[in-house]
Amino acid sequence: MMPYHGYGYYFDPTYILVIIGAVLSILASAKVKSTYRKYAHVRNMAGLTGAQAAERILYQAGIRDVRIEHVRGSLTDHYDPSRKVVRLSDDTYGSTSVAAVGVAAHECGHVLQHQEGYAPLKFRTALVPAANIGSRLGIPLILIGILLGYNQALVSIGIWVFALAVLFQLVTLPVEFDASSRAVRILDRQRMLVGGEVAQCRQVLNAAALTYVAAAAASILQLLRLVCLFGGRRND
């Protein structure tokens, strides 16, 4: 059997990188769910639903060409710039909770980024096709390279292609943090949330941001593992 950099088929210490990434993702997911559940039961004093908060934010910003729509699911909220639609989930659209208003405002933060041509968002949008290719073809290219008698060129291409997906995850971080920061400022400035509600909203959005941090960390660790296993091999 052909070893991988001295590691046999039955023992690969680089698996610890995958385990670390998985643990980070699980912890981040648990954190956002518990924080959201906590403040999903706290009604905001203004009595605004997520949809109403989103409409008010966009109206105050002078944005009239973006629709607010209801989408099925839990925490499936997102902004679709190609169709100019903010889609709010079952948990957000009609809910008057602090969590719902925070999430709706976050998605409107992306609308404002798009409106002003926020550079990291433009870069992330441009990376989408390459990132999709990287996430779908990176690992298969590496496996094909191994099956073809260890074709180093093909394996290296697979690693570089996978790296595009990792780059996308990294670029996503400033985009998401900025959208959350905008959301909190707007809700506070327009008095849609008052007093301790602002801090509660910040907790919800900070917890949500952890999922992006964990996803980026897991992708980096996976890329590091691929480099450790295959990056320096030569044809035998």
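Me: Why is L75 called partly exposed?

Reply: L75 has a relative accessible area of 38%. Buried means under 20%, exposed means over 50%, and partly exposed is in between (1.4 Å probe, protein chains only). So L75 counts as partly exposed at 38%. The model is predicted: local features need pLDDT of at least 70, side-chain atom pairs count only at pLDDT 80 or more, and totals for chains, interfaces and linings use all residues. Residues are numbered from 1 along each chain as its sequence is written, and side-chain values use heavy atoms, with hydrogens and water left out.

Me: What makes the phi of L75 worth noting?

Reply: The phi is positive, about 55°, although L75 is not a glycine. L75 sits in the loop between β1 and β2. Strands here are DSSP runs of E with at least two residues, helices are runs of H or I with at least four, and both are numbered from the N terminus.

Me: Why is R191 called exposed?

Reply: Its relative accessible area is 53%, so R191 is exposed. R191 also has a positive phi, about 60°, without being a glycine. Its place is the loop between α5 and α6.

Me: How do you know how α5 and α6 run relative to each other?

Reply: Two packed helices are described by the angle between their axes and the distance between the axes. The axes are lines fitted to C-alpha atoms, for helices over the stretch in contact, and angles run from 0 to 180 degrees between N-to-C directions. For α5 (residues 152-189) and α6 (residues 196-231), the axes come within 10 Å and cross at roughly 170°. That makes α5 roughly antiparallel to α6. The cut-offs: under 35 degrees is roughly parallel, over 145 roughly antiparallel, 65 to 115 roughly perpendicular, and the rest oblique.

Me: What makes β1 and β2 edge strands?

Reply: Three strands form an open, mixed sheet in the order β1-β3-β2. β1 (67-70) and β2 (78-80) each have a single partner strand, so one side of each lacks a neighbour in the sheet. Neighbouring strands are turned by 25° against each other on average, direction ignored.

Me: How do you know that β2 pairs with β3?

Reply: Two strands pair if DSSP finds at least two bridges between them. Three bridges join β2 to β3 (residues 85-88), and the two run antiparallel. H78 stands opposite R87 in β3.

Me: Why are the buried residues of α2 said to be on the same side?

Reply: They are G50, A51, A53, A54, I57 and L58. Their arc around the axis is only 160°, which puts them on the same side of α2. The arc is that of the directions from the helix axis to the C-beta atoms. On the other side, Y59 and Q60 are exposed.

Me: What do the buried residues of α2 pack against?

Reply: They pack against β1, β3, α3 and α5. Contact means heavy atoms within 4.5 Å. Helix α2 (residues 50-60) lies across β1 and β3, at about 170° to β1. Helix α3 (residues 98-116) lies across β2 and β3, at about 30° to β2.

Me: Why is A51 called buried?

Reply: Its relative accessible area is 5%, so A51 is buried. A51 touches I68, L88, T92 and Y93, leaving aside residues up to four places away in sequence. A51 and L88 are 37 residues apart along the chain, with their C-alpha atoms separated by 7.3 Å.
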